[in-house]
Amino acid sequence: MRPVSSWGRLSRDLHDVVELDQVSSAGQRIAGSPRPGLPFGNGRSYGDVCLNGGGVLWATRGLDRFLAFDDRTGVIECEAGVTLREVIDLALPRGWFPAVTPGTQWVTVGGAVANDVHGKNHHRHGCFGDHVESLTLLRTDGSRIVCGPDVEPEWFRATVGGLGLTGLIVDARFRLRPVAGPWIECERHAFQSLEQFFALSDASSSGWEYTVSWIDCGTLRGGEPRGIFFAGNHAASRATAPPHRSRRVPFLPPVPLVNRLSMRAFNALYYRANQAGSERSTKHYQPFFYPLDSLLEWNRIYGPRGFYQFQCVVPKAAQQAAVRELLQAIAVSGQGSFLSVLKTFSGRPAVGMLSFPMAGTTLALDFPNLGPSTLALLQRLCAIVDTAGGRLYPAKDAVMPPGLLSRGYPEWQHFSRFRDPGISSQMSRRLVGH
Ligand SMILES: Cc1cc2nc3c(=O)[nH]c(=O)nc-3n(C[C@H](O)[C@H](O)[C@H](O)COP(=O)(O)OP(=O)(O)OC[C@H]3O[C@@H](n4cnc5c(N)ncnc54)[C@H](O)[C@@H]3O)c2cc1C
């Protein structure tokens, strides 16, 4: 048994970690598990979706083989423990890139499917699962299911975004998108109100593949956030770039380095730095997609008690009022978010029964764990999302009340039929008792 944390570092419960390294023996190992287990990718989820305290974790990083890659079509097949970083290292020199990537490249393909992750291009390319052609699922009863959009489609819909609860994904075949090279043409604009944010978002969605906004949660003028809107497209340049180096947070500070003062100072500085200067630039894909990956183990800066991430989406009809109410509740609480991200999602139908995106606006926030006062704020935010008809993103969640799950994810009951009885997570126990 050893302690395992998710990326938010809110707990360090003991787990029986079983390292899987061969697909050929994985089925036998999960079928023989004495207690319920849970697949584990690279632990980049923030809350308890990837945890199974007191139980078994099937660690998949050892399932790291590429099985096939056609560099004429961009279709790749690999084992589930391969990371997106490894996919990019193989594919980019041959002119291909993941069609959808989250804000870190250190996620496994299995984790990307199980949370059906989204990126800055949801309005153009949907989620990761939209590009998966097939996957292989092993169940604890010893069965093996190959599924895809046209083969066993209900198993596919349950497993994409299925939070690891339908079985162990051992491999996947998915489509990449063509790119000329590693560069992104970018544009950025400062905005001073939600109206301006929505206007920029509407105006940019047809001309730009990637759009996202950072907002300054430390300064709300009359309830209006200021922020920076970023847009990007893959550039035509084929020029190569030197490898990017990352630094590491060298130790766990005894107290959080993120507090009200440092949060306000960071946000004000970031706004000023991005408000000034050229609005157009060409950036390497690493700082554009993965700015946080340049500081390895950056999650340590929140100190020993860790931090909560909170990501919700609210439907289009309610988006402006609900986002304003969420920001006002944060301002009233006096607990600002260090890094706050706002983005609109398109109405593209999701592949998975539990896929997170819906037509509307998503807001992602993080809060140092200050105990009861932080929990009270998060419950207030959940209530606002619930009233607006929205939902929370399980990949980031540690606080969602059960009612918000069933209202936010109306297919949950149907999904339950596809659950593997030999699998359980801290999140599933918290939300539905098993
Ligand atoms: C800096 C940062 C930025 C992020 N940005 C985004 C973003 O922009 N968009 C976004 O959508 N997410 C984002 N995330 C969240 C992250 O993309 C997801 O949590 C992702 O699923 C983590 O993958 P993982 O391999 O670490 O899986 P884990 O966190 O280990 O597990 C995640 C879930 O997948 C299941 N799982 C893992 N492997 C398998 C498998 N082989 N078979 C079946 N189930 C499996 C687990 O049981 C668990 O339920 C971000 C995270 C970080 C740290």
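This briefing covers the domains of the chain, one interface between them, and the pairing of some strands. The structure is a predicted model. The protein chain is divided into three parts: domain 1 (2–60 + 422–432), domain 2 (66–180) and domain 3 (183–401). Domain 1 is built from two stretches of the sequence, 2–60 and 422–432.

**Interface of domain 1 and domain 3**

- The centres of domain 1 and domain 3, taken over C-alpha atoms, are 28 Å apart.
- In this interface, 12 residues of domain 1 are in contact with 20 residues of domain 3.
- The size of an interface is often given as the accessible area lost when the parts come together.
- For domain 1 and domain 3, the area buried between them is about 1300 Å², and 57% of it lies on carbon and sulfur atoms.
- The rule finds 1 salt bridge across the interface of domain 1 and domain 3.
- A salt bridge is formed by Asp397 and Arg430, with 2.8 Å between the closest N and O atoms.

**The open sheet of four strands**

- An open sheet is formed by 4 strands in the order β1-β2-β4-β3, and the pairing is mixed.
- β1 (2–3) and β3 (37–40) stand at the edges with a single partner strand each, so one side of each has no neighbour in the sheet.
- Strand β2 (residues 14–19) and strand β4 (residues 56–59) run parallel and are joined by 4 bridges.
- Within this pair, Val18 has Trp58 in β4 as its bridge partner.

**Strand β10 and its partners**

- Strand β10 spans residues 168–178 and is mostly covered, with 8 of its 11 residues buried.
- Strand β6 (residues 75–79) runs antiparallel to β10 and is joined to β10 by 5 bridges. Here Glu77 has Arg173 in β10 as its bridge partner.
- Strand β7 (residues 96–98) pairs with β10 over 3 bridges, also in the antiparallel sense. Opposite Phe97 stands Arg177 in β10.
- Strand β8 (residues 132–138) is joined to β10 by 6 bridges, and these two strands run antiparallel. Opposite Leu137 stands Ile169 in β10.

Key:
Residues numbered from 1 in each chain as written. Predicted model: local features only at pLDDT ≥ 70, side-chain atom pairs only at ≥ 80, totals over all residues. Heavy atoms only, no water. Buried < 20%, exposed > 50% of the residue type's maximum accessible area, 1.4 Å probe, protein only. Pairing = 2+ DSSP bridges. Domains from an automatic or database assignment. Contact = heavy atoms within 4.5 Å. Buried area = accessible area lost by both parts, 1.4 Å probe. Salt bridge = Lys/Arg side-chain N within 4 Å of Asp/Glu carboxyl O.
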